[in-house]
Amino acid sequence: MKKIEAIIRPEDLDRVRISLQEKGLVGMTVQEVQGRGRQKGVCLQWRAGEYCIEFLPKIKVEMILDDNDVETAIEQIIKVARTGKNGDGKIFIFPVENVVRVSSGERGKEAI
């Protein structure tokens with residue numbers, strides 16, 4: 001099992017969710033986060049001067065998947081969220097030792 005953490009632009013969330021759902025990947029946790037990478041924030045003109053936003057709003061999507069579904073999820077996220085510009089996001093993949101469903105006590109793949 002693997003955990004995927006995908007940091008994406010907020011406007012891409014619905015399309016990413018639908019794309020993953022169409023592949024049968026429905027379980028996810030979503031958080032609003034702020035961050036910066038190579039784009040280093042953005043500066044805007046505001047009335048008499050310049051206003052810089054150092055940390056931009058992003059969405060973090062977390063999923064626990066069977067090893068067989070990881071590449072499908074990565075492909076779908078990239079397919080929908082890639083613009084080719086800085087700020088498109090990142091995907092992190094972590095090993096997961098075990099999963100336990102609280103309501104039933106199921107463990108492992110059955111609990112995903």
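Visitor: Which residues form a nonpolar patch on the surface?

Guide: Keep in mind that this is a predicted model. The patch on the surface has about 440 Å² of accessible area together. Its largest share, three residues, comes from strand β3 (residues 42–46). The patch members are Val42, Leu44, Trp46 and Tyr51.

Visitor: Does leucine 44 count as buried, partly exposed or exposed, and why?

Guide: Leucine 44 sits in strand β3. Buried would mean under 20% relative accessible area, and exposed would mean over 50%. Leucine 44 comes in at 43% relative accessibility, so the label is partly exposed.

Visitor: And alanine 81, is that buried or exposed?

Guide: You'll find alanine 81 in helix α2 (residues 70–81). The cut-off for buried is under 20% relative accessible area. Alanine 81 has a relative accessible area of 5%, so it counts as buried.

Visitor: Which element gives the most to the largest nonpolar core?

Guide: That core has 17 residues, and the ones touching the most other members are Ile4, Ile8, Val16, Leu20, Val61, Leu65 and Ile77. At least two residues each come from β1 (2–8), α1 (13–22), β5 (56–65) and α2. The top contributor, with six residues, is α2.

Visitor: Zooming out, what pattern does the protein follow along the sequence?

Guide: Count the elements and you get two helices and six strands. Among contacts between residues at least 6 apart in sequence, 72% join residues at least 24 apart. Read in sequence order, the elements go β-α-β-β-β-β-α-β.

Visitor: What radius of gyration does the protein have?

Guide: The C-alpha atoms fill a box of roughly 60 × 25 × 20 Å along the principal axes. For a compact globule of 112 residues you'd expect a radius of gyration near 13 Å, but this protein has 17 Å.

Note on methods. Residues are numbered from 1 along each chain as its sequence is written. This is a predicted model: local features need pLDDT of at least 70, side-chain atom pairs count only at pLDDT 80 or more; totals for chains, interfaces and linings use all residues. Side-chain values use heavy atoms; hydrogens and water are left out. Patches are made of residues with over 30% relative accessible area and no salt bridge: like charges are joined within 9 Å, nonpolar side chains (Val, Leu, Ile, Met, Phe, Trp, Tyr) within 5 Å. Accessible areas come from the Shrake-Rupley method with a 1.4 Å probe; for residues, only the protein chains shown count as cover. A salt bridge is a side-chain nitrogen of Lys or Arg within 4 Å of a carboxyl oxygen of Asp or Glu. Helices (H or I, at least four residues) and strands (E, at least two) are DSSP runs, numbered from the N terminus. Buried means under 20% relative accessible area, exposed over 50%, partly exposed in between (1.4 Å probe, protein chains only). A nonpolar core is a set of buried Ala, Val, Leu, Ile, Met, Phe, Trp, Tyr and Cys residues joined through side-chain atoms within 4.5 Å. The radius of gyration is taken over C-alpha atoms; the globule rule is 2.2 Å times the number of residues to the power 0.38. Contact means heavy atoms within 4.5 Å.
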